[in-house]
Amino acid sequence: MAADPLSTVRLSVLDRSLVRRGEGADGALRATVRFAREIEALGYHRFWVAEHHGVPGVAGAAPTVLAAAVASATTRIRVGTGGVMLPNHRPLVVAEQFGVLASLFPGRIDMGLGRSVGFTGAVRRALGAQKDAAERFGTDLAELLEWFSGDHSRGVAAVPAEGLRVPVFLLATGAGAALAAEHGLPLVIAPARGEERMLRAIDGYRAAFRPSALPGTSPEPRVIVSVNAAVGATAEEAALTQLPEAWATVVSRVRGVFPPLEPPEEVAAREMTERERTLLAEARSAQVHGTEEEVAAALAALVVRTGADELLLTLSAHDHGRRLDSYRRLARLAGLAPGAGTGPSRPGR
């Protein structure tokens, strides 16, 4: 009998530290740390945090700082970033930050990188990174990897990063898949712009992959598919759990501001314009939700279509308890062992 596709992949979690209405950024950050401990106890493989600047509804502005707090509060789960946006930082500084993390928490740190810049012109100006900063991503990425290799051609050593092997992952936005293949890095990708486009990018990545001798790279192509998934006692409950984040996405596109999450019942009762309804449908199109059986079937099918090595699950609910219940159900679906990682052992990954 063929193996259940969910049993062949690792399951991990990305938390974006979204603010809930009436909670505040401090509460959202503490919730991320508390949530990481709960996710570790359920047996997930890794826990990643994200980077956003100047967004009232997102508290995670400093992912390496937050990763340090998460790693300090946990003992086994891998901890990393999904991701540090390299155009906003100098490669040397990023290398130093991850060198510190990897020195404090050996064998547990992942360096996930992205090429996005600030959401608005004002944020980009404050960061000193304009839209074209993403165009130098390939150059910055190569420099960052070299700092770990001990290349002293610049007359500077990246202490304490030099010589460490911190696994590197590349988030696919724009040219991200091609760059991951060129540099020999695992690819992290989501169906945000449609599954067919994602599948073409994955195929192109695997065909073009070239191993690298630099630290933190992968000897073979590896694909991590990120998916927003919710499991509930009923399909309606699961769909309602995802509604606040989808609505906040709509508001960000209409008004340019990602707001704190509202209770789902209030969002469901809201009068929406035709444009808002269209944008909401778009925001929900890539989401997976349903009962345990429905979500198991949907995720298994996604693994088969993509050939994914790992699923990076994300869910930002207004109610912390409802979110944890969804992840608990997902862990049970995949047969995760409490307190243990998932899938076969792979050193450093």
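Me: Where is P160 placed?
Reply: P160 lies in the loop between α5 (137-149) and β6 (168-171). Helices (H or I, at least four residues) and strands (E, at least two) are DSSP runs, numbered from the N terminus. This is a predicted model: local features need pLDDT of at least 70, side-chain atom pairs count only at pLDDT 80 or more, and totals for chains, interfaces and linings use all residues. Residues are numbered from 1 along each chain as its sequence is written, and side-chain values use heavy atoms, leaving out hydrogens and water.

Me: Which peptide bonds are cis?
Reply: Most peptide bonds are trans. Here, the bond from V159 to P160 is cis, with omega near 5°. The bond from G82 to G83 is also cis, with omega near 0°.

Me: What is the phi of S17?
Reply: Most residues other than glycine have a negative phi. S17 is not a glycine, yet its phi is positive, about 55°. S17 sits in the loop between β1 (10-15) and α1 (25-42).

Me: Is S17 buried or exposed?
Reply: Buried means under 20% relative accessible area, exposed over 50%, partly exposed in between (1.4 Å probe, protein chains only). S17 has 1% relative accessibility, so it counts as buried.

Me: Which residues of α11 are buried?
Reply: An α-helix has 3.6 residues a turn, so residues three or four places apart point the same way. In α11, the buried residues are E292, V295, A296, L299, A300, L302, V303 and T306. They cover an arc (of the directions from the helix axis to the C-beta atoms) of only 155°, which puts them on the same side of α11. The face turned away from that buried side carries exposed E293 and V304.
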